[in-house]
Amino acid sequence: MTWTWFHRLGSPPYVYRLAERLTPWFAWSAAILILAGLYDGLVLAPPDYQQGDGFRIIYVHVPTAWLSQMIYVWMAVAAAVGLIWRIKVAHSVAAACAPIGASFTAVALGTGMLWGKPMWGAYWVWDVRLTTELLTLFLYLGYMGLRASFDDLQRADRASAVLAVVGVVNVPIVKYSVVWWNSLHQGSSLSLTGKDTIATPMLIPLLVSMLGFTLYFGAVLLVRLRAEVLRRERAASWISEVVRP
Amino acid sequence: MIGSVLRAENLHLWRTERHVLKGVDLRVCGGELLQLTGVNGAGKTTLLRALCGLNHLEEGRVFWNEHDVCEDLEGFHASLVYLGHEPPLKPDLSGIENLGFWTGMRRRISRAAINDALIRTGGGEFATRPVRTLSAGQKRRVALAGLLLAAVPLWLLDEPTTNLDSSGQELVAMLLEAHLDAGGLAIAAVHHGLGIAASRLRELNLSA
Amino acid sequence: MIATLPTEMTPPLRAARLVIARDLMLAFRRPDQLVQPLAFFVMVTALFPLSISPERATLRAVAPGVLWVAALLAALLALDFLFRDDAQDGTLEQFALSGQSLTWLLLGKTGAHWLLTGVPLSVMAPLMGYTLGVPVSASVGIMLTVALGSLALSFIGSIGAALTLGARRGGVLLSILILPLAVPILIFGSRATELAIRGEAYLAPMELLGAIVVLSFTLAPLAAAAAVRISLE
């Protein structure tokens, strides 16, 4: 029973139609949650006792930074599925993830720089957390560059998949960099197991915002996935039924 | 070696969007040569590489002695030798050094044995010269000696008579006949017949 | 097991040694190619005193970083040639068909590559260090750190070299792909070199570097073998 589901997920027309149906759900809920989270965080939440209003950039910086890593894991898992079980749609998912992940990483770095100036006095410091996050950006760009350098699509898929899987070692390094090394960057405020070190009125908009951005990633991924599937399957017969002229 | 069988059923392969192998079936037994014919681009090289496991088959299975080769690909490789368009000889090494390396990867080999094989394929005189000083035909004779030294039952050959003059083509026929006599089997992609007795010959035309 | 497997099959370690022996033999027949990464290393190191300052104190302060950046760039240059020739003349194809484990064969190739590039670099590094104002007493430390770091780099680089086979502008792409993965080596290596130059104990970063080496030579050949098979499809 589960294997039928798994194999159906490997069928491009099925995935295309599923993505088409799910996109509005993701898009609308993302819009609502992001707006709610940002309003709560930027307007309603109290200012931080140390940083004043400057800390509010956390409501964009933390979700984008977290997503920059989560998207990489998602991309690596899709790439591994495509590599091991030779499911071509999985490669489409990975290909669609990469530019989104790179953008989120860039935004995380950018918002981090804007926050760094008032907090540490400099836009950029060569600190472990920042450096490894920058490396994440290079990994995404490397993945996209490797893909683009092959004419044969199958070769591009499989070679970049190996790269994505190899690069996943960077994710735990980024996460634990603030634990393993003395870092200027603050440690985790959120914890699944221990007590959160952030005050509740500030925590709620952060969580809402994170969920909102994650759903936004989902929506954009679904749109890009559809485009990727269309591009790859343009010669197939089912396309004419789906694409209205 | 006696009784070896290579069988393939329903092989399908796509190269980007081109359906190159469309349900190919074949069966070769010990003592037989299968000639693959077809126009350029018909898929002869692709089929040879797919049988080896280099190219991925979307569908279909290959059986060596009734075992699926996917279960023990390295064992299957140990029983075959593949000779492509360009023999993989390093230009800066001599024929003997090249063959010593390739055969040594499979089993221990003495210099005398390598020399004997080279003499059999007419490469004795230029065995110690660097391969970059040899003509294309001479290189092919060195490569053919490699076939002998591999001492394996299955030969997969992609246009084995390329660059060879008429005596060279006779040599290939002779080597094949000896191999088939010993119970070995061979699959060769060719543009024209190799001159093997019809009783041991099978043909598969990929353009059809 | 398939019945016709010959029983006297060469063991994988011996096959890897044959690969190393062949690569060394080939390299020594073209000694001018061996010198290129070394020459590059010397030139890059020489650029820093020219562009920063010829003052010995300044140079000594930046020496670890300069040596490591130059060694990294020279190693990247050399990595381009790790598999290129073998891919073009069909050697890699035969490796995949030899009945030997491709992982072991690539381990051999990468080991030979380190012997031909990493080891000479690590011998050259103290000499260039001297020109940057580093005391001679630090020579052994510099040699050991660069040797270990270049070993890790060869293995990690082999993944990139295998991935970029057949890619357009593969050489530049290789460098871009490897750099993120090479950063930990750079960080620990230059830290170890810095401690060695100052005459302090450099065991701690060396151990971390050693851990990276062990990790890379066990895992990298597997990834490189997967990448080579993909290039042969």
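In this predicted model, chain B carries an open sheet of four strands, ordered E2-E1-E4-E5, with antiparallel pairing. Strand E2 and strand E5 (67-68) of chain B stand at the edges. Each has a single partner strand, so one side of each is left without a neighbour in the sheet. In general, strands of a sheet pair through backbone hydrogen bonds, either parallel or antiparallel.

One pair of neighbours was examined further. Strand E1 of chain B spans residues 5-15, and strand E2 of chain B spans residues 18-29. The two strands pair in the antiparallel sense over nine bridges. Two of the bridge partners can be named. Val5(B) has Cys29(B) of E2(B) as its bridge partner. Arg7(B) is partnered in E2(B) by Arg27(B). Together, E1(B) and E2(B) form a hairpin, with two residues between them. In the turn, Thr16(B) has a positive phi of about 50°. As a general rule, side chains in a regular strand alternate between the two faces of the sheet.

Contacts between chains were also computed. On chain A, 15 residues are in contact with 17 residues of chain C. Helix H5 (128-148) and helix H6 (153-167) of chain A are the elements that give two or more residues to the side touching chain C. By class, this side of chain A has nine nonpolar residues, four polar residues and two charged residues.

Definitions and conventions: Residues are numbered from 1 along each chain as its sequence is written. Chains are lettered from A and ligands numbered from 1 in the order in which they are written. This is a predicted model: local features need pLDDT of at least 70, side-chain atom pairs count only at pLDDT 80 or more; totals for chains, interfaces and linings use all residues. Two residues are in contact if their C-beta atoms, placed from the backbone, lie within 7 Å. Ala, Val, Leu, Ile, Met, Phe, Trp, Tyr, Cys and Pro count as nonpolar, Asp, Glu, Lys and Arg as charged, and the others, Gly among them, as polar. Two strands pair if DSSP finds at least two bridges between them.
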